[in-house]
There are 12 protein chains.
Amino acid sequence: MADHIYRVIELAGSSQISHADAIENAIARAAKTTRNLRWFEVTQLRGEIENGEIQHYQVAMKVGFTLED
Amino acid sequence: MADHIYRVIELAGSSQISHADAIENAIARAAKTTRNLRWFEVTQLRGEIENGEIQHYQVAMKVGFTLED
Amino acid sequence: MADHIYRVIELAGSSQISHADAIENAIARAAKTTRNLRWFEVTQLRGEIENGEIQHYQVAMKVGFTLED
Amino acid sequence: MADHIYRVIELAGSSQISHADAIENAIARAAKTTRNLRWFEVTQLRGEIENGEIQHYQVAMKVGFTLED
Amino acid sequence: MADHIYRVIELAGSSQISHADAIENAIARAAKTTRNLRWFEVTQLRGEIENGEIQHYQVAMKVGFTLED
Amino acid sequence: MADHIYRVIELAGSSQISHADAIENAIARAAKTTRNLRWFEVTQLRGEIENGEIQHYQVAMKVGFTLED
Amino acid sequence: MADHIYRVIELAGSSQISHADAIENAIARAAKTTRNLRWFEVTQLRGEIENGEIQHYQVAMKVGFTLED
Amino acid sequence: MADHIYRVIELAGSSQISHADAIENAIARAAKTTRNLRWFEVTQLRGEIENGEIQHYQVAMKVGFTLED
Amino acid sequence: MADHIYRVIELAGSSQISHADAIENAIARAAKTTRNLRWFEVTQLRGEIENGEIQHYQVAMKVGFTLED
Amino acid sequence: MADHIYRVIELAGSSQISHADAIENAIARAAKTTRNLRWFEVTQLRGEIENGEIQHYQVAMKVGFTLED
Amino acid sequence: MADHIYRVIELAGSSQISHADAIENAIARAAKTTRNLRWFEVTQLRGEIENGEIQHYQVAMKVGFTLED
Amino acid sequence: MADHIYRVIELAGSSQISHADAIENAIARAAKTTRNLRWFEVTQLRGEIENGEIQHYQVAMKVGFTLED
């Protein structure tokens with residue numbers, strides 16, 4: 001974490017393919033509006049089921065980014 | 001949580017009436033500046049006491065809203 | 001917490017001197033862009049080590065501020 | 001808990017009125033199919049929001065009942 | 001929490017009406033023997049069930065009070 | 001846990017003798033109605049006191065059993 | 001979670017391929033005997049090792065389903 | 001927990017024989033100065049080792065007692 | 001913890017200087033009315049902010065003391 | 001914990017007799033290869049079941065020992 | 001866990017490909033210096049981000065191995 | 001955490017001066033026997049009290065170091 005001040009935000013992403021894909025989606029979406037993303041931590045792996053099959057893989061994450069001076 | 005990306009924020013609200021009212025107040029306040037609120041989760045129920053009586057009911061919450069593309 | 005609605009954000013700060021200094025740095029940085037800071041809570045004390053010595057003291061915190069009407 | 005063996009199940013109930021009502025609903029529903037309910041413990045208070053207003057109050061609970069010999 | 005030293009005690013109260021009422025009862029009882037109560041935090045919401053209906057609403061709380069010099 | 005699918009249930013047992021005995025009792029009772037019990041994990045050790053002496057030793061447990069195909 | 005009452009059960013599944021596959025297996029197995037599965041939450045990712053290689057990927061989950069009236 | 005208000009205190013007891021004995025000791029000691037003890041919950045099992053053998057079994061507990069009107 | 005029975009209480013102290021000073025203050029205050037203090041454990045580091053600067057450093061602690069026979 | 005530096009390791013022991021015996025076994029085994037064991041803390045009580053009876057009592061522990069200068 | 005004494009160690013591994021790959025890497029590395037690895041449990045899923053893309057997938061794990069007599 | 005495999009160990013250090021000093025002592029001691037220390041995380045702040053004054057400041061930490069290939 002070195003010499004910077006970080007801000008940590010909480011996101012939840014989803015995917016119809018996998019939890020790994022849901023993580024990618026959420027990071028990609030966050031990167032569109034927030035510069036200087038540095039790390040993430042997964043806090044929850046969930047999903048929605050319909051007719052006995054997983055329809056959406058869902059993931060909650062904390063994401064840290066450096067604040068510019 | 002379907003196909004959207006969610007952002008989760010943390011709020012604390014209060015009321016002189018009840019915890020239920022404190023929840024309503026915090027959601028109403030958040031809705032004034034944040035669109036697309038979808039869910040909340042209560043993380044703490046507290047309160048302040050004066051002269052042996054509860055003066056303020058306080059509640060901490062996580063609130064999720066969808067990010068628009 | 002009285003009659004206000006609070007928003008809680010999560011920050012991580014660092015210092016080459018001490019954890020106490022890292023706390024000061026993070027609050028000072030947050031105060032530059034956020035008015036009405038009211039309280040903080042330390043959630044993690046960490047650090048980076050190089051050649052057997054602590055190089056950076058790091059601290060994660062939740063910080064609450066009142067939302068103006 | 002005296003001399004009995006308890007089984008503990010986990011339920012989630014909801015209400016359009018309040019969390020207190022969601023608790024009542026879930027206990028009432030459980031009582032229809034499970035005899036000898038003895039106690040409950042609330043593990044989560046949540047809700048769904050639409051157009052800035054709470055649409056459903058949701059509550060997760062553990063519920064204990066005695067097993068008959 | 002300003003300049004005082006606080007002592008924190010743990011209480012459990014009950015009510016035949018509601019959890020909100022159980023909180024009031026426990027604070028009122030604590031105020032009879034302890035001066036300078038300042039805040040409380042709910043740590044558990046429970047209840048007892050008989051014949052499929054809630055008989056007692058129970059609440060566990062931490063309560064803080066200032067120590068006089 | 002090998003190649004099987006497990007179901008995990010939560011039980012609470014009691015004994016007038018000891019916590020160790022309460023564990024035995026709960027497993028024995030569960031085995032009467034559930035086949036293929038495989039493991040347990042103690043989640044809580046409690047007890048009831050009367051006239052300054054422990055009357056019941058109580059234990060909460062998770063118990064896992066394999067689902068047959 | 002809308003207007004339904006949910007029951008939450010705890011499962012553990014395994015796979016020789018991956019944690020993702022272990023999740024699929026457990027949901028598929030649960031769907032054979034339980035209708036109206038709605039969501040799951042992963043609570044533990046584990047595995048067994050033999051001769052320095054992972055033999056079984058194991059996953060513990062909570063799974064919620066709606067109770068029919 | 002019925003209709004009473006409970007106070008919960010935290011104790012730590014020890015024994016040179018066993019954890020079970022340490023629990024008995026702590027309850028017996030508490031009963032000497034506190035009337036109306038009702039329940040206890042074990043929160044920690046520890047011990048001290050000397051020369052490779054356990055010298056003291058230690059246990060931390062919460063103990064609840066009813067407040068008289 | 002050897003052969004004694006301990007009682008554990010929870011305190012919160014504050015200081016305008018530092019968290020370290022808040023710890024000292026709380027122990028000193030507890031020692032005025034409670035004999036035989038033996039250990040403490042910090043459970044929370046907090047603070048109050050005014051005009052962008054920390055006004056009070058606050059600390060919550062558990063403190064153990066031996067009960068005399 | 002006085003003036004020493006401690007190292008903490010995590011062990012899991014088992015016994016066909018009891019959890020108490022599993023604790024003894026693990027400490028005895030650790031003492032064979034590690035000098036200066038000082039304390040332990042139990043972090044999990046588990047067991048394996050076969051044909052409806054407990055076959056192995058298992059216990060996970062943290063064990064601390066002083067590092068010599 | 002049967003009749004053996006286990007030692008549990010904590011590892012963190014990484015991969016440029018996926019969390020699943022980071023798990024494999026850490027187990028493979030541990031197997032080079034530690035015999036008799038038996039199980040692992042994932043305790044954290046993290047990652048590092050650069051230029052809006054995940055650069056390293058990181059995983060923290062507990063790994064258990066049997067101690068030989 | 002980049003491309004390395006980390007091993008995480010748990011230490012407890014002490015000081016007669018301060019918690020900050022106890023952290024320094026534990027890192028310095030670990031560096032004498034373990035190369036490539038990279039980070040630490042404080043998991044507990046404790047202390048021992050005699051005659052109403054703090055005699056030893058104690059700190060528990062996790063410390064990570066890279067494994068060399």
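Author: Copies are superposed by least squares on the C-alpha atoms of residues with pLDDT of at least 70 in both. The model is predicted: local features need pLDDT of at least 70, side-chain atom pairs count only at pLDDT 80 or more, and totals for chains, interfaces and linings use all residues. Residues are numbered from 1 along each chain as its sequence is written, and side-chain values use heavy atoms, with hydrogens and water left out.

Reader: What makes the relation of chain A to chain C that of a three-fold axis?

Author: Chain A is superposed on chain C by a rotation of 120 degrees with 0.0 Å of shift along the axis (RMSD 0.0 Å). This is therefore the relation of a three-fold axis. In chain A, the C-alpha of A:I9 is nearest the axis, at 4.5 Å.

Reader: Why is the pair A:K62 and C:E10 called a salt bridge?

Author: The term requires a side-chain nitrogen of Lys or Arg within 4 Å of a carboxyl oxygen of Asp or Glu. The N to O distance between the side chains of A:K62 and C:E10 is 2.9 Å, so the pair qualifies. Between chain A and chain C the count is one salt bridge.

Reader: How do you know that β1(A) pairs with strand β1 of chain C?

Author: Strands (E, at least two residues) are DSSP runs, numbered from the N terminus. Two strands pair if DSSP finds at least two bridges between them. Three bridges join β1(A) to strand β1 (residues 6-15) of chain C, so the strands pair, and they run antiparallel. A:R7 stands opposite C:L11 in β1(C).

Definitions and conventions. Chains are lettered from A and ligands numbered from 1 in the order in which they are written. Helices (H or I, at least four residues) and strands (E, at least two) are DSSP runs, numbered from the N terminus.
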